[in-house]
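Trainee: I have the sequence and the model open. Can we go through the packing step by step?

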Amino acid sequence: MKNIIKHKKLVRDRIPEIIEKSGKKADFRVLSKSEYLNMLDQKLQEELSEYLHDKSMEEIADLLEVIRAVVSARGSTMDEVEQIRLLKKEKRGGFENRIFLESVTDL
């Protein structure tokens with residue numbers, strides 16, 4: 001009896017090849033652009049959850065890989081994103097000082 005495990009998720013490009021080299025059969029399809037964008041958003045959530053659970057740099061690397069894919073799929077570049085990040089940091093600062101805002105009171 002064949003054991004079929006359903007995944008129904010976006011995977012890295014070489015995963016079908018890796019599965020088939022292990023002696024199994026990978027059933028996959030190429031997503032449309034809109035499906036791809038939707039699945040990238042889901043993948044971001046998945047990788048963030050894994051990082052929040054494990055706190056590992058491997059999960060941060062996975063998050064970064066998905067972020068790079070999102071940036072490209074949305075027609076931008078990491079250089080553009082970096083410029084936006086630097087402008088925001090210049091105007092509003094970064095997170096290095098560990099500031100935790102408790103409240104704001106109108107005067």
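Trainee: Leaving aside neighbours within four places in sequence, which residues is Met39 in contact with?

Mentor: This is a predicted model, where local features need pLDDT of at least 70, side-chain atom pairs count only at pLDDT 80 or more, and totals for chains, interfaces and linings use all residues. Residues are numbered from 1 along each chain as its sequence is written, and side-chain values use heavy atoms, without hydrogens and water. Contact means heavy atoms within 4.5 Å. On that basis Met39 touches Lys8, Lys9, Leu10 and Leu31.

Trainee: Which residues form the largest nonpolar core?

Mentor: Such a core is a set of buried (under 20% relative accessible area, 1.4 Å probe, protein chains only) Ala, Val, Leu, Ile, Met, Phe, Trp, Tyr and Cys residues joined through side-chain atoms within 4.5 Å. Helix 2 and helix 3 each supply at least two of its residues. The seven members are Leu10, Leu37, Met39, Leu40, Val66, Val70 and Ala73.

Trainee: Is helix 2 roughly parallel or antiparallel to helix 3?

Mentor: Helices are DSSP runs (H or I, at least four residues), numbered from the N terminus. The axes of helix 2 (residues 33-54) and helix 3 (residues 57-73) come within 9 Å and cross at roughly 160 degrees. Angles over 145 degrees count as roughly antiparallel, so helix 2 is to helix 3 roughly antiparallel.

Trainee: Does Phe100 count as buried or exposed?

Mentor: Phe100 lies in the segment after helix 4 (78-92). Exposed means over 50% relative accessible area. Because its relative accessibility is 64%, Phe100 counts as exposed.

Conventions
Axes are lines fitted to C-alpha atoms, for helices over the stretch in contact, and angles run from 0 to 180 degrees between N-to-C directions. Angles under 35 degrees count as roughly parallel, over 145 as roughly antiparallel, 65 to 115 as roughly perpendicular and the rest as oblique.
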